[in-house]
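Okay, thanks everyone, I'll keep this short. Let me put the structure up.

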Amino acid sequence: MATAYAQTSPPAMAPGAVAGTPPAAPALQAPVQLPGAAGQAGHGAQASMTDIIDIKPPVLPQYDLTWLYWLLGILAAIALIALCVWLWKKRRARKTPPPLPPYMVASNALDAIQQASYAPREFYFQLSYVFRAYIENGLGLRALEKTTEELAPSLEKLPLDKVLIQEAKSFLKRSDPVKYAGLSADENAMQKDLHFVRDVVETTRPQPEEQAKGTVQESKKDKKKANSKDTSGQPTEAQPDA
């Protein structure tokens with residue numbers, strides 16, 4: 001607040017005053033208030049109050065955890081897939097039936113051929129395949145990938161009498177012209193060859209004692225396969241009926 005004091009000239013000596021006497025002290029006048037001074041002072045005080053800002057609390061650092069959520073989700077998905085695959089394999093290993101022995105496979109195939117109405121060419125294709133597959137899987141003699149000329153001498157190694165071995169050679173030689181040259185064959189010859197292949201299967205099938213031994217061996221093999229988680233089970237030799 002600005003205050004101004006008005007100055008006055010020394011007062012004149014009063015009548016009758018003695019010369020040399022110090023004059024009386026001049027009377028002070030009230031301070032004069034300058035116009036606008038009070039308004040400026042109030043405005044300054046108000047402005048200084050508005051300039052004061054409160055202290056803000058400390059700001060904590062921010063971390064982006066989106067990548068962590070994605071990583072946890074991917075790991076959970078992988079674990080779930082692995083669990084499903086493991087349960088599926090375990091269930092499949094338990095429910096997979098043991099493979100049929102070769103003589104039963106051959107007998108079922110012969111029944112299917114007998115019930116079907118095949119033309120001669122298709123009939124001999126099916127019948128010769130069943131015969132060769134049984135010789136290879138049931139009797140241990142490679143036959144599926146050999147020609148008739150290559151297989152015929154090897155038939156001497158089969159556990160068959162000479163009559164059946166000779167008939168087997170004749171059967172293979174009769175089958176080739178019908179299969180590859182399209183020659184015809186009568187119904188009686190077709191049924192005769194069907195009964196011949198069935199006789200070979202029935203003659204060489206395991207006996208009850210051999211079946212019992214084979215069942216024990218098959219159960220041991222199944223246990224080993226279960227332990228190694230191998231469920232392929234391709235038979236390469238005659239197996240007894242479970």
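So, this is a predicted model. Start with helix α6, residues 162-180, and helix α7, residues 187-204: their axes come within 11 Å and cross at roughly 140 degrees. Anything over 145 degrees would count as roughly antiparallel, so this pair goes down as oblique. And the crossing of α6 and α7 is left-handed.

Who's touching whom? On the α6 side you've got Leu164, Glu167, Ala168, Phe171 and Arg174, and they meet Asp193, Phe196, Val197 and Thr203 in α7. By type, that contact splits into five nonpolar, three charged and one polar.

Now the rings. How many aromatic pairs turn up in a search of the whole structure? Five. One of them is phenylalanine 123 with tyrosine 124, an edge-to-face pair at 5.2 Å centre to centre, with 85 degrees between the planes. Phenylalanine 123 and tyrosine 124 are both buried.

Another edge-to-face pair is phenylalanine 125 with tyrosine 180, at 5.8 Å centre to centre and 85 degrees between the planes. That one links distant parts of the chain: phenylalanine 125 sits in helix α4, residues 120-139, tyrosine 180 sits in α6, and they're 55 residues apart. Phenylalanine 125 has 28% relative accessibility, so we call it partly exposed. Tyrosine 180 is at 60%, so that one counts as exposed.

Definitions and conventions
Residues are numbered from 1 along each chain as its sequence is written. This is a predicted model: local features need pLDDT of at least 70, side-chain atom pairs count only at pLDDT 80 or more; totals for chains, interfaces and linings use all residues. Side-chain values use heavy atoms; hydrogens and water are left out. Axes are lines fitted to C-alpha atoms, for helices over the stretch in contact, and angles run from 0 to 180 degrees between N-to-C directions. Helices (H or I, at least four residues) and strands (E, at least two) are DSSP runs, numbered from the N terminus. Angles under 35 degrees count as roughly parallel, over 145 as roughly antiparallel, 65 to 115 as roughly perpendicular and the rest as oblique. A crossing is left-handed if the near helix is turned anticlockwise from the far one by less than a right angle, and right-handed if clockwise. Contact means heavy atoms within 4.5 Å. Ala, Val, Leu, Ile, Met, Phe, Trp, Tyr, Cys and Pro count as nonpolar, Asp, Glu, Lys and Arg as charged, and the others, Gly among them, as polar. Rings of Phe, Tyr and Trp (its six-membered ring) pair if their centres lie within 6.5 Å; planes under 30 degrees apart count as stacked, over 60 as edge-to-face and the rest as tilted. Buried means under 20% relative accessible area, exposed over 50%, partly exposed in between (1.4 Å probe, protein chains only).
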